[in-house]
Amino acid sequence: MSIQVRDQVFSLTTNDSLYQMKVDQYGILNHTWYGPNTEMDMSYIEDYPEISFSANLWDTEKSRMYSLNDRLLEYPCGGISDFREPALLLRVPDGSSSLDLRYYSYEILEGKYSIEKLPASFDRDHKTQTLKITLKDTVYDIFVDLLYGIFEEENVITRSVTIRNMTPFEIQVKKAVSASLDLPESDYEVIHFHGRHAMERLAERTSLSHGTFSIGSRRGQSSHQHNPGIILAKNNTNETSGEAYGMLLVYSGGFEADIEKDQLDQIRATIGLRSENFRWQLKPCEHFCGPEAILSYSEKGLGVLSNQYHDFIRSHLIRSSFVHQKRPILINNWEATYFDFNGEKLLSIAKSAHELGIELFVLDDGWFGERHNDDSSLGDWFVNEKKLQMPLRQLVEKIHALGMQFGLWIEPEMVSENSKLYRDHPNWVLRSPLRDPARSRYQLVLDMANPEVVDYLEQVFTKLIEENEIDYIKWDMNRSISDFYAPSLSPKTQSEMAHRYMLGVYDLADRLTSRFENILFEGCAGGGGRFDAGMLYYFPQYWCSDDTDAHNRCFIQHGTSFFYPISATGSHVSAIPNHQTGRNTSLYTRGIVAMAGTFGYELDLSELSPKEKEEVKEQIKVYKSMQELVLEGDYYRLSDPNQQNVSAWSFVSKDKKKIIVQAVVFEHKPNMKKPHVFLQGLDENRWYRRKEDGHLFTGKALMKAGLFLPDQLGTDEACMIELEQIDSKNREAQ
C-alpha cells in the first residue's frame with residue numbers, strides 16, 4: 001500500500017521514497033521525513049533542546065522545550081509562535097490573522113483527487129490513492145484539507161489544499177501555498193529557471209544563505225522571467241548522483257516560491273499562488289482550492305529527477321490524446337512573411353513544404369480583421385478575405401488537397417484599441433476606472449474573469465474552427481498583465497482578479513480542447529512566457545521560445561528539460577541570419593537543435609537552394625525515424641552549456657536498446673583534446689554498436705569513460721551519433 005497510517009504516523013511510499021508526517025502530543029501535524037524509504041518512524045530526528053526566544057504553545061504550560069518555531073511542520077500558519085514563512089494566512093472579522101491548526105481527521109480515498117476549475121494530474125490506470133488530512137482551527141470552524149496523491153511507480157507525490165469556512169461569517173484568505181516542505185538540514189543549493197523574452201528558463205544554481213530566497217511573477221502569467229518550479233539539490237549533487245527534491249506548480253498565473261534557511265540551519269520551501277495583493281473572500285460554507293504542486297525526490301541525481309517529471313507529465317498531466325502520438329512536422333509562415341502575405345504566397349510556401357515532406361501548414365498572425373501590423377484588430381476574429389484574396393475555407397481546402405493539415409494562430413485573451421470588439425465592449429478590458437491602462441504591443445487584456453467574455457470567445461472560436469476544418473491551433477499571449485482591475489468584479493473582490501483571470505483562461509481552454517479533441521493545440525506566450533505545467537494540461541506542446549537561434553536554443557532547451565518533457569517542447573528550424581540575433585549557423589546545426597522537440601520550420605522554403613532542400617528532406621527523414629524516441633524515451637543532459645564548450649544531450653529508449661546522442665560544440669579551440677561526453681541511462685553490462693562505423697562499446701565504458709565527439713572547425717558545429725544494443729552472440733560473430 002502506498003499509504004500507511006499507524007499510531008498517527010502517516011507514511012506515503014513510492015518505489016524509491018518515503019514521505020512521512022506525524023501528529024504529536026499537542027495535535028500538531030509534524031513533517032518528519034521526505035527522502036529514501038527508511039521503513040521506520042523518522043520522528044526520532046526531531047530532538048530539540050530549549051531554544052531561546054522561541055515562543056511556546058499555551059498547551060505546553062511551563063515547558064520551554066517545545067516551540068513551533070523550531071520544529072519541522074507540514075502546513076505552518078502564522079501568528080502563534082512560528083516566526084518563519086507561513087503556508088496559510090487568513091483574516092477573520094475581528095481583524096485577527098492568527099490560526100492554530102490541529103489535527104482533526106483523515107481519509108484514504110481510492111483514486112486521484114481532482115481540483116475544481118483548475119488543471120491537476122490524473123491517473124488513467126486507477127492505481128493511485130489519495131490521502132486527505134483535515135486540520136481545524138482551535139477557535140473557529142475553519143477547516144484545512146491537505147490532499148496528497150501518491151504515484152508509486154513515478155516517484156511523485158502531488159499536493160493541494162482546500163480551505164473551508166464553516167463559520168457564520170465571512171473570512172479572507174490572504175495566503176495559501178500549495179505545498180510547504182521542511183527539511184532538517186541546509187546543505188542544499190537551489191536550482192531555478194530565470195530569463196526574459198526570447199531567453200527563457202535559463203538554469204541557475206545558487207547556494208542558500210540565512211534568510212529567504214524568493215522567486216515569482218507579478219505579471220499575471222508564470223512569465224518569461226521566472227518559471228514556477230524549483231529544485232533543492234545537495235551541494236554534491238550532479239546529473240548522475242546525489243539527492244534532489246523538485247517542486248513544480250501546476251499553475252499559469254502569478255506565483256511565488258520561497259526557500260528560507262532558519263536560525264537552526266533548517267530549510268522551509270513553499271510554492272503557491274502569489275500572495276501580494278491577494279485576498280479571497282470566503283463566505284460561510286464556501287471553500288477555496290489552491291492549485292496543485294508536484295513533488296518528486298531522487299537520490300540518483302538530477303537526470304533521474306528530470307525523467308521522473310517527464311514521465312509523470314506525459315502520463316498523468318497532459319490530458320490530450322496527442323501526448324503519445326507522433327506529431328505532424330510543420331511549417332509556420334511567421335518568419336517567412338510576417339504580416340506581408342496573401343493566399344497565393346501562403347500556398348506557394350505550402351507547396352514547397354509539401355514537396356519536402358512537411359505535413360502541417362500553420363498560418364500565423366495577420367489573417368483577420370484589418371491586421372496589417374501589430375497595432376490593430378485583435379479581437380476581430382473574422383477572416384480578411386480581401387487580404388487572402390480568397391475565403392479561408394478555400395485556402396484550407398487547397399492545403400488539404402496537397403495532403404497537408406492546416407493550422408491557425410489565435411490570441412484569445414487580447415484586444416486592440418483599434419478593433420470593433422473594443423469599440424463595442426470597452427468595458428471588457430482590464431483597466432482601472434480612473435486611470436488609462438498601460439499598453440504593451442499596442443494591445444489591452446480582456447477581462448477573462450468575466451464569464452460573458454469567456455462565453456463570447458468560445459462562440460467565436462467554435463464557429464471559426466468548425467467552418468474551416470482546422471487541424472491545429474496555436475494559442476498565443478503577447479503581453480504581461482499590468483492593470484489588475486476587472487470591471488466585472490466589485491471593488492471588494494478586485495484582489496481576486498488575478499486568480500479569477502486564470503480560472504477564466506482555464507475555462508476557455510477546457511471548453512475548446514474538450515470540444516475539439518482531434519485538434520492539436522500548441523500554447524505560446526510571446527514564445528515561452530507561460531510554458532508551465534498548468535498550460536500543458538490542456539496543450540500537449542508549447543512553443544519554447546521566440547528565439548529560434550540554434551546557439552541560444554541550446555541554453556533555453558537545457559533549462560526547460562529539468563522539468564518538462566522534450567515531447568512538449570516546440571522547436572523549429574528558422575532562416576539565417578537569425579531574425580533575433582543575426583547569427584549564422586549551418587542548416588545542419590539548426591536541424592539537430594530543433595530535433596530536440598516537436599520539429600518544424602519557420603522560413604520561406606522556396607528561397608532555399610536545391611542542395612538545402614535535399615538537406616531538409618534528409619532532416620525530416622531522420623526526425624521521423626527518431627520521433628518515437630523523442631516522444632517516449634528518456635532524456636539526459638550530457639553537459640552543462642553554461643560551464644562547458646559543448647551542449648550535449650541524448651535520448652535513450654526505455655528498454656535501453658536505442659540511443660541517439662546530439663551535441664553542439666560552440667567553438668573549435670586549437671591544440672585541445674576532442675570534446676567528449678559521458679553517456680547516461682545505459683545497461684552497463686551490455687554491448688552497444690555505433691552505427692556510423694560499427695565500433696563496439698560496453699555500456700559501462702560509455703558511461704564511465706565517455707564518448708568522443710567529432711572535432712570540427714568552426715563555431716556551433718553539431719553532430720549526431722546513433723548507438724544500438726547488440727546481443728553477445730552478434731558480438732562474438734564479429
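L392, R393 and V396 of α5 (392-401) touch L464, E466, E467 and N468 of α7 (451-468), where contact stands for heavy atoms within 4.5 Å. By class, this contact comes out at three nonpolar, one polar and three charged residues; Ala, Val, Leu, Ile, Met, Phe, Trp, Tyr, Cys and Pro go down as nonpolar, Asp, Glu, Lys and Arg as charged, and the others, Gly among them, as polar. The axes of α5 and α7 sit 9 Å apart, at an angle of about 45°, which makes α5 oblique to α7. Angles under 35 degrees count here as roughly parallel, over 145 as roughly antiparallel, 65 to 115 as roughly perpendicular and the rest as oblique. The axes are lines fitted to C-alpha atoms, for helices over the stretch in contact, with angles from 0 to 180 degrees between N-to-C directions. Helices (H or I, at least four residues) and strands (E, at least two) are DSSP runs, numbered from the N terminus.

The model is a predicted one, so to speak of local features takes pLDDT of at least 70 and to count side-chain atom pairs takes pLDDT 80 or more, while totals for chains, interfaces and linings use all residues. Residues are numbered from 1 along each chain as its sequence is written, and side-chain values use heavy atoms, with hydrogens and water left out.

Next come the helix pairs around α11. Helix α10 (residues 550-560) packs on α11 at an angle of about 15°, with the axes 9 Å apart, and that makes α10 roughly parallel to α11. Their crossing is left-handed, a label for a near helix turned anticlockwise from the far one by less than a right angle, with clockwise giving right-handed. On the α10 side the contact uses A550, R553, C554 and Q557, and on the α11 side T589, R590 and V593. Sorted by class, the residues of this contact are three nonpolar, two polar and two charged.

Helix α11 (residues 587-594) also meets helix α12 (residues 610-632): their axes come within 11 Å and cross at roughly 20°. That makes α11 roughly parallel to α12. The crossing of α11 and α12 is right-handed. L587, Y588 and G591 are the α11 residues involved, and they face E612, E615, V616 and Q619 of α12. The residues of the contact of α11 with α12 split into three nonpolar, two polar and two charged.

Two helices were checked for length. The 14 residues of helix α3 (residues 343-356) should span 20 Å at 1.5 Å a residue, and the end C-alpha atoms are 20 Å apart, which agrees; the expected span is 1.5 Å times one less than the number of residues. Helix α8 (residues 497-515) fits as well, since its 19 residues should span 27 Å and its end C-alpha atoms are 27 Å apart.

In α3, the buried residues include G343, L346, L347, I349, A350, S352, A353 and L356. Their cover includes β21 (330-332), α2 (334-337), β22 (360-363), α4 (385-388), α5 and α12. Among the buried residues of α8 are M497, H499, Y501, M502, L503 and Y506.

Y506 turns up again in the contacts of M535. M535 sits in helix α9 (residues 533-536) and is buried, with a relative accessible area of 0%. Apart from neighbours within four places in sequence, M535 contacts S252, Y506, R530 and Y542. S252 is 283 residues away from M535 in sequence, yet the two are 6.5 Å apart in space, C-alpha to C-alpha.

With neighbours within four places in sequence set aside, H316 is in contact with S121, F122, D123, R124, F151 and E154. H316 and F151 are 165 residues apart in sequence and 9.4 Å apart in space, C-alpha to C-alpha.

A few backbone details remain. Most residues other than glycine have a negative phi, and most peptide bonds are trans. D7, in the loop between β1 (3-6) and β2 (9-13), has a positive phi near 55° and counts as exposed at 68% relative accessibility. For E469 phi is near 50°; this residue lies in the loop between α7 and β26 (472-475) and is partly exposed, with a relative accessible area of 41%. The peptide bond from I576 to P577 is cis, with omega near -5°, and P577 is placed in the loop between β29 (569-574) and α11.

Technical notes
Buried means under 20% relative accessible area, exposed over 50%, partly exposed in between (1.4 Å probe, protein chains only).
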